[in-house]
Structures are given as C-alpha cells and as structure tokens.
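Let's take a walk through a protein model together. Keep the 3D view open as you read, and look for each spot as it comes up.

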Amino acid sequence: MRTATFASAALLALAAATPSFAQSVPEKTGVNQALGVASNTQDFVNLAAQSDMLEIQSSKLALQKSDSANTKTFAQHMIDDHTKTSTELKSLVSNGKVKVTAPSALDKKHEAKLDKLSKLNGKGFTKEYDDMQVSAHKDAVSLFERYGKDGDNADLKAFANQTLPHLQEHLKMAQSLGK
C-alpha cells in the first residue's frame, strides 16, 4: 500500500512539474490507450493538435517527394481535412470553450518523424509515409473514440465525435494505399 501511495504521489508530482503542453504520464506511456481510458482535456488537445500538424506537414512533403499518384491524392486530402480540424480545434481553445493551451509547433517525437520522412524520396518515401499514415490514423481513431465517449469537456467531446467518422475514413483510405 505504501508503494502504491508513493507511486501515486510520484506521478502527481511529475504531472505538477510537467509544462501544460506535455502529455500526462498515462497518455505518454500508452496506459490510457491500452485501458481504453479517455485522455484528459490537455492531453487530448495536445495530441490532436500534434497529429494535425504532422499530417499537414508530412502530407506537404508527400506532394513533393512521393512517386505515387494515389499517395499524392491522399496527401492533398489530408492537408485539406487536417487544416480544417486544426482550425476548429484552435477555435474551441481560443474562444474559451476549452480551457487549455494548444501547442503551436511539433514536439520532439513528431518532429523526429517528419525529419525521417524529409530524408527520403520516391518509393522509400512513399512506403514510409503510407505506413506512417496507417499508424497515425489508428492512434487518432483511438484517441477520438476515447475522448468522444468519456472526455470531460462537452464542447471537445462534440468535436471528437464529429471528427471521428472522418478519421475512420482516413484510416480506411490509408490502409488501401499501395495496394
């Protein structure tokens, strides 16, 4: 019992010392996703914003570097859709309906993914981009499902539930790339 109390206290201390734009330990380690637990509002906004920024930036690279017309068409669709959801999310935060801070730049994890892609061209780029899209959209679908079901901000839950069908469609599209 003392160990559990100490561990809980350590997690709380870490969370309190973590800047507001960093993910909580349960979200960062994948515990929330594994258990099907909703992210807290700050985590949801961080992850959704990071995902949108990576989608937009990586898809702009795909327009230049991919050797596949299907991938380029998909990339343009991702730019259009994720620019829209990014604008909607920023609006919820800026109008005060969601009382958190949204990141304005990629974090190190997402920046590393973009850097890896930027060093590739042609078939190598296309394979990496296509694989990344499947993985990213699986994560996004999970995040939006969990927050849409059990999130703690009604406006953000509505946004998650409104956006989820689009993300599910993106996942299906990503899974068909390269086939």
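## Starting at a loop

Is Ser68 buried or exposed? Keep in mind that what you're looking at is a predicted model. Ser68 has a relative accessibility of 19%, and since the cut-off for buried is under 20%, Ser68 counts as buried.

Where does Ser68 sit? Look in the loop between H4 and H5. A polar atom of the Ser68 side chain lies 3.3 Å from the backbone nitrogen of Asn70. Now find Gly178: Ser68 and Gly178 are 110 residues apart along the chain, yet their C-alpha atoms are separated by 8.3 Å.

## Another serine, this time in a helix

Next, hop over to Ser59, which has its place in helix H4.

## Two helices packing together

Stay with H4 and bring H8 into view. Helix H4 covers residues 41-65 and helix H8 covers residues 154-176; the two pack at an angle of about 40°, and their axes are 11 Å apart. The crossing of H4 past H8 is left-handed.

Which residues do the meeting? On the H4 side you'll find Thr41, Phe44 and Val45, and on the H8 side Leu156, Phe159 and Ala160. Sort the residues of this contact by type and you get 5 nonpolar, 1 polar and no charged.

## Salt bridges within a helix

Time to look at charge. Side chains of opposite charge can pair when their charged atoms come close. How many salt bridges turn up in a search of the whole structure? The search finds 3.

Take Glu88 and Lys84: their side chains meet in a salt bridge, with 3.6 Å from N to O. Both residues lie in helix H5 (residues 69-94), and they are 4 residues apart, which is about one turn of the helix. Glu88 counts as partly exposed because its relative accessibility is 23%.

Now try Asp131 and Lys127. They form a salt bridge too, and its closest N and O atoms are 2.7 Å apart. Again, we're inside a helix: Asp131 and Lys127 both lie in H7, 4 residues apart, or about one turn. Asp131 has a relative accessible area of 41%, so it is partly exposed. Lys127, with 53%, is exposed.

What about Glu128 and Lys116? Their side chains meet in a salt bridge as well, at 3.4 Å from N to O. This pair links distant parts of the chain, with Glu128 in helix H7 (residues 122-150) and Lys116 in helix H6 (residues 108-118), 12 residues apart.

How open are these two partners? Glu128 has a relative accessibility of 25%, so it counts as partly exposed. Lys116 counts as partly exposed too, because its value is 49%.

Methods. Residues numbered from 1 in each chain as written. Predicted model: local features only at pLDDT ≥ 70, side-chain atom pairs only at ≥ 80, totals over all residues. Heavy atoms only, no water. Salt bridge = Lys/Arg side-chain N within 4 Å of Asp/Glu carboxyl O. Buried < 20%, exposed > 50% of the residue type's maximum accessible area, 1.4 Å probe, protein only. Axes fitted to C-alpha atoms, helices over the stretch in contact; angles between N-to-C directions. Left-handed = near helix turned anticlockwise from the far one by under 90°. Contact = heavy atoms within 4.5 Å. Nonpolar A, V, L, I, M, F, W, Y, C, P; charged D, E, K, R; others polar. Polar contact = N/O pair within 3.5 Å; in protein donor to acceptor, adjacent residues only side chain to side chain.
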